[in-house]
Amino acid sequence: MSNKKASQKSDIPAPIIKENLDIFADFVHKGFSSSIKSTLFPSSQKLADITPLHKKGKKDMKENYRPVSILPTLSKIFEKCMFSQISEYFNTFFSDQQCGFRKGYSTQHCLLVMLEKWKKAVDSGKVFGALLTDLSKAFDVLDHELLVAKLNAYGFSLPALRLVHNYLSNRKQRAKVGNTYSSWSDILFGVPQGSILGPLLFNIFLADLFFIVDDMNIASYADDNTPYMAENNIDGIIESLEQASEKLFDWFKNNLFKSNADKCHVLISTNDNVDVNVSGFNITNSECEKLLGVKFDRNLNFDSHISDICKKASNKISALARVTPFMSIDKKKLLMNAFFTSQFNYCPLVWMCHSRKNNRKINRLHERCLRIIYNDKQSTFNELLEKDGSVSIHIKNIQILATEMFKMSKGLSPPIMENVFTLREENHYNLRQNSQFSRPFVRSVFHGTESISYLGPKIWDMLPESYKNVNTLGAFKSKIKLWKPDNCPCRLCRVYIDNVGFL
């Protein structure tokens, strides 16, 4: 249990429980055992306090608030015990394409697989397309009876079904504003918000979707399900997207989800304005769309996405400039990492193969931030990096890529990453080109050699053997922070020489 987690006013705080384990451990053990035998989840642990947090827009409109649910502390222990058993059982049923709420999976894995398939398609002269679907409050409308029926189909025993059904039933919540509470209201649908079991139960509810659409690729993370494909021409893409939308929206309807076909978006790698029919609505091709926090454009150059994060980083630098004169150097560095560097930490492998123009823009911001932190207007960017003991954002991304390659070599990556990196079969011959990973055959630079699937094996081959042979991921991460690639093969690291060009 985390001491930092909020608790209900009438609840026993986590620190007190942890300090008195000799008393609580036996109590919790008996309570959970009794719950299992009786197939009844304790009623006192089904009560939630909802705190509304403003997220955007006008503050006098309730739809502009995000409800944050606070559950009883002891209920988390009960749920964790159930979670470990249910998740272990269901790992064999989940599709590799389900990336949400699964250990070892992330939005970066989900988007990277899609991006690499798109780049491979464009490199071979094909057209790619994607349909960004829209579901309204998917977690809040999930039907309890249908979920229990699905658990039954997956082989849950009758007592287990009763326990899960009782866990979902007769739950209540109330709103909390300041020190004032509303009256209690029944929760009739959806998985308990803020719970440990909720995301897992949602994944289980969604699992059979991938049996229906096993012939298509889907970028799936929680309630974001985006079918994508590559075809030889625009007509093939439109036909494939319309067939995918028909299958998806039939499944949404049969599973009582509220889908909004008119709010869907289409992204196709063409400058022409083409329409795709989605459940009777004609959706026009977009120039740029945001998926799971990353902006994808038709040309896959990520100019718009990098422009957005640079704008946010610039605003943070301006704020830092106002407060740093009154702070110590350690506090300044802490704020820089928290407010500037963190802007570039989300899914870096997805957008790292960008243009030199974008790289210069990022480096200028980084240099500006370092000058403010160290109050140094004379040193060059490289000298400032040495003073800070850090590397540029791009070199940091190279280190992150090397870490992903290490995870792949040790079998720590999720199976979906096998679509990006391919391990060679063990070779007993000492050949000059004997590499642990195979490189894909490519035809172009921007969508071929400037792809993670091509660049990753090259970076891995550059690493010293002492880095590759460490036993744990933690040890590798500690070592890789000290590594700077010499003669990095990516085009952003090439040096420009007058009258010669980039080398």
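**Figure 1. Arg371 and Glu367 within helix H13 of a predicted model.** Arg371 and Glu367 both belong to helix H13 (residues 356-374) and sit 4 residues apart, about one turn of the helix. Helices (H or I, at least four residues) and strands (E, at least two) are DSSP runs, numbered from the N terminus. Arg371 forms a salt bridge with Glu367, and their closest N and O atoms are 2.5 Å apart. A salt bridge here is a side-chain nitrogen of Lys or Arg within 4 Å of a carboxyl oxygen of Asp or Glu. Arg371 is partly exposed, with a relative accessible area of 21%, and Glu367 is partly exposed with a relative accessible area of 21%. Buried means under 20% relative accessible area, exposed over 50%, and partly exposed in between (1.4 Å probe, protein chains only). Residues are numbered from 1 along each chain as its sequence is written, and side-chain values use heavy atoms, with hydrogens and water left out. In this predicted model, local features need pLDDT of at least 70 and side-chain atom pairs count only at pLDDT 80 or more, while totals for chains, interfaces and linings use all residues.

**Figure 2. The salt bridge of Asp376 and Lys387.** The closest N and O atoms of Asp376 and Lys387 are 2.8 Å apart. Asp376 lies in the loop between H13 and helix H14 (381-388) and Lys387 in helix H14, so the pair ties together parts that are 11 residues apart in sequence. Asp376 is buried, at 9% relative accessibility, whereas Lys387 is partly exposed at 44%.

**Figure 3. The salt bridge of Asp215 and Lys247.** The structure holds 12 salt bridges. In this one, the side chains of Asp215 and Lys247 meet at 3.0 Å, N to O. The pair links distant parts of the chain, 32 residues apart: Asp215 is in the loop between helix H8 (209-212) and strand E7 (217-221), and Lys247 is in helix H9 (residues 234-254). Asp215 is exposed, with 57% relative accessibility, and Lys247 is partly exposed, with a relative accessible area of 31%.

**Figure 4. Packing of helix H2 and helix H3.** Helix H2 (residues 21-38) and helix H3 (residues 73-90) pack at about 55 degrees, their axes 11 Å apart. That makes H2 oblique to H3. Axes are lines fitted to C-alpha atoms, for helices over the stretch in contact, and angles run from 0 to 180 degrees between N-to-C directions. Angles under 35 degrees count as roughly parallel, over 145 as roughly antiparallel, 65 to 115 as roughly perpendicular and the rest as oblique. H2 contributes Phe27, Val28, Gly31, Phe32 and Ser35 to the contact, and H3 contributes Leu74, Ile77, Phe78, Cys81 and Met82. Contact means heavy atoms within 4.5 Å.

**Figure 5. Packing of H3 and H7.** The axes of H3 and H7 are 10 Å apart, at an angle of about 25 degrees. H3 is therefore roughly parallel to H7. The contact involves Glu79, Met82, Phe83, Ile86, Ser87 and Phe90 of H3, together with Leu197, Leu200 and Ile204 of H7.

**Figure 6. Buried residues of helix H6.** In helix H6 (residues 158-168), the buried residues are Leu161, Leu163, Val164, Asn166, Tyr167 and Leu168. These buried residues pack against H2, H3, helix H5 (144-153), strand E4 (171-177) and helix H7 (197-207). Just after H6, Asn170 takes a positive phi of about 55 degrees.
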